[in-house]
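Open the model in your viewer and keep the selection panel at hand.

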Amino acid sequence: MAESDRQLVHAVRSGDLDAFAALVGRYRDAYTRFAVRMTGSQLDADDVMQSVWMRAFRNIGACKNPDRFGAWLYQIVINECRTYTSRRAQRDSRFVDDPAETLAALSVSEPDVALRDEIEKALECLPAEQREAFVLKHVEELPYEQMAEITGVGVSALKMRVCRACERLRELLEGVYHA
Amino acid sequence: MRDNEARDREFAEQIARPLREVELLAPDFEARLMAQARAEVARREATRPRRSWWITGRVFVASPLTTLAMAAGIAVVAAASTLVVARRAQPTITASRDTVEFVRFVLVDSTARSVSVVGDFNGWKRDETPLNATSKAGVWSVSLRLSPGRHEYAFIVDGKRWVVDPASIASSDEFGTESSVLLVSPARIGAS
């Protein structure tokens, strides 16, 4: 029978690397999609997830409820993605809030770009907090209560962020969707 | 209003559907990660400070009848060792099967009306493990039997105040909440 998260977390605390490998195997791709959507690329998401797991390994003692290891790990994923997007925003003007420029790039220089690429680029134009809320709500399909638990943000604020994200996406994708 | 909500939901669904496609990490992700983890463990081992002769491991074997007396004795050794070395290194209380496995938690707080200890060993339940007031004013203590391994704990004073052990190394979780770290490892009693 497979060991529970609690058993594996306790084993990792005792220095058992095999138990750590088992946790990695269990949650390996659980949050990959979120990381890819937040960072905008698989390569960057790979870096983020390496950092996530090393932070989890170093701080496993701080996982106060090992039965809910997955939720604790999700919090680390969200924090690492925030750190990553914040650093990138400082160094990369591509992520500066400039929807007109992005739309021009979509419609002029890449006329045949796939629909999904257009949506991803529009998503990248959103402020990080709106992107995070939109992805958690509509891509990961989490209820607001769970979103509040893992982000540390109140339900009302999250609803507002999702609403604003939808408004912004509607502006950015005008012409692609006519909803 | 309801039409707007329905329209928003439909729009969000249109946007989100293509983004729900499963994403997978590179096939060598685990191998790279485990190499990092192994390197980190090796680094920790290599940089672990040497113990002085007076805090080198000791094994205390005790019968059930003498266990309480031994626990009290260990408390003195552990508390003294911790107080002396905590500024330099992580305190380690060690034990093994067939040896005394009690760890004594002591907090000095002359203003406290009640003290309890919370940690991974009691599910962080604040009412689970109260400390007892000792004959010395302001000194609270309790002895617990702990399994070998790394433990995190904190004291709760007067049912609401979270206090990290001033004589121990602190560790922070994702949200900056500090707790104290205690290592209980087999075969030795001492501090590293």
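Select helix H7 of chain A, residues 115-125, in this predicted model. Show the side chains of A:Glu118, A:Ile119, A:Ala122, A:Leu123 and A:Cys125, which are buried. Now look down the helix axis.

Following the chain along its sequence gives the pattern α-α-α-α-α-α-α-α-α-α. Colour chain A by burial: of its 179 residues, 36% are buried, counting a residue as buried if 20 or more other C-beta atoms lie within 10 Å of its own. Taking contacts between residues at least 6 apart in sequence, 67% of them link residues at least 24 apart.

Now bring chain B into view and select the contact between the two chains. Here 39 residues of chain A are in contact with 36 residues of chain B. Which elements of chain B give two or more residues to the side that touches chain A? They are helix H1 (2-16), helix H2 (29-47) and strand E5 (149-157) of chain B. Pick out H2(B), which supplies nine residues, the largest share of that side. Finally, colour the side of chain B that touches chain A by residue class: 19 residues are nonpolar, 13 are charged and four are polar.

Conventions: Residues numbered from 1 in each chain as written. Chains lettered and ligands numbered in written order. Predicted model: local features only at pLDDT ≥ 70, side-chain atom pairs only at ≥ 80, totals over all residues. Contact = placed C-beta atoms within 7 Å. Helix = DSSP H or I, 4+ residues; strand = E, 2+ residues; numbered from the N terminus. Nonpolar A, V, L, I, M, F, W, Y, C, P; charged D, E, K, R; others polar. Buried ≥ 20, exposed ≤ 12 C-beta atoms within 10 Å, placed from the backbone.
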